[in-house]
Amino acid sequence: MSVDNANTLDLLSQYLAIPGASLVQSTVPDTELRLWLMSLENPQVEMSFGEIEALWQQLPFWAFAWAGGNALVRWIMANPHAVKDKRVLDFGCGSGLVGVAAALCGAREVWCADLDGHALLAAQLNAELNNVDIHCVDGDWPDVDLLLAADVLYDISSSGDLRQLMLTIPQWLLAETRYVAPDFVALTCLHSETSCTIPAIGDFDESVPVEIYCRGPETPLV
């Protein structure tokens with residue numbers, strides 16, 4: 001699905017919640033993948049607790065490459081066989097970072113899903129920037145071979161859909177901090193690393209321990 005790049009950028013730029021913020025093309029560290037991400041005139045911006053709390057209520061999650069997503073992308077690019085020729089769902093896609101990486105690594109079909117319609121626009125924009133195709137979920141879940149999810153369990157409202165998908169999709173890769181790993185499925189840890197979120201706002205998410213999990217042998221398909 002093609003998007004009108006100029007109009008989409010203008011629309012998304014209206015929802016950047018920090019004064020002086022804009023969307024710029026950025027390269028994801030240790031990859032050749034490029035995304036439209038938030039850029040700040042002053043990355044060391046200082047905010048009061050109340051201002052930070054208000055920011056979180058309207059934060060454009062699709063304008064960041066989050067720590068877990070960055071770690072999962074690096075793992076996928078080092079292990080492209082994990083996605084090659086598979087139908088993939090990027091759940092809670094945000095910028096589309098992970099889905100775009102899967103497409104670049106040979107996934108047969110990539111679907112992106114997010115509760116925020118602006119995230120789906122950002123994902124389409126970023127797919128075009130990297131010359132790959134994605135599809136956006138609009139209604140029923142697609143029939144896929146592999147579930148990809150990163151940085152989604154900060155919001156407990158995501159756990160219901162995530163649990164359903166983890167129990168019905170044959171394979172999955174989940175990137176989260178060990179502090180919020182789900183307890184409703186058996187997990188096998190494939191990889192651990194320290195990652196960061198870009199752009200950096202002060203020292204927020206500057207150094208985050210991330211673990212990448214796959215389906216544990218005790219998790220049956222439903």
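Which backbone oxygen does the side chain of Asn-126 reach? Select Asn-126 and look. Its side chain reaches the backbone oxygen of Ser-95, at 2.8 Å. That is a polar contact: a pair of N or O atoms within 3.5 Å, where, within protein, one must be able to donate a hydrogen and the other to accept it, and residues adjacent in sequence count only if both atoms are side-chain atoms.

Before moving on, note that this is a predicted model: local features need pLDDT of at least 70, side-chain atom pairs count only at pLDDT 80 or more, and totals for chains, interfaces and linings use all residues. Residues are numbered from 1 along each chain as its sequence is written, and side-chain values use heavy atoms, with hydrogens and water left out.

**Stop 1: around Asn-126**

Color helix H5, residues 117–129; Asn-126 sits in it. Helices (H or I, at least four residues) and strands (E, at least two) are DSSP runs, numbered from the N terminus. Asn-126 has 1% relative accessibility, so it counts as buried. Buried means under 20% relative accessible area, exposed over 50%, partly exposed in between (1.4 Å probe, protein chains only). Now show its contacts (heavy atoms within 4.5 Å). Beyond neighbours within four places in sequence, Asn-126 contacts Arg-34, Leu-35, Trp-36, Ser-95 and Val-100.

**Stop 2: helix H4**

Val-100 is one of the buried residues of H4. Select H4, residues 97–104: 7 of its 8 residues are buried. What covers them? Among the elements over the buried residues are strand E2 (34–40), helix H3 (67–78) and H5. Then click Gly-106, which follows H4 and has a positive phi, near 100 degrees.

**Stop 3: helix H3**

Go to H3. Of its 12 residues, 10 are buried, so the rest of the structure largely encloses this helix. Among those buried are Asn-70, Arg-74 and Trp-75. The buried residues of H3 pack against H4, E6, strand E7 (171–176), strand E8 (187–195) and strand E9 (208–215). At 1.5 Å a residue, H3 should span 16 Å, and its end C-alpha atoms lie 17 Å apart, which agrees. The expected span is 1.5 Å times one less than the number of residues.

**Stop 4: Phe-64**

Select Phe-64, in the loop between helix H2 (49–58) and H3. Is Phe-64 buried or exposed? It is buried, with a relative accessible area of 2%. Phe-64 and Ser-95 are 31 residues apart in sequence, and 6.8 Å apart in space, C-alpha to C-alpha. Phe-64 touches Ser-95, and its other partners include Leu-37, Met-38 and Pro-199.
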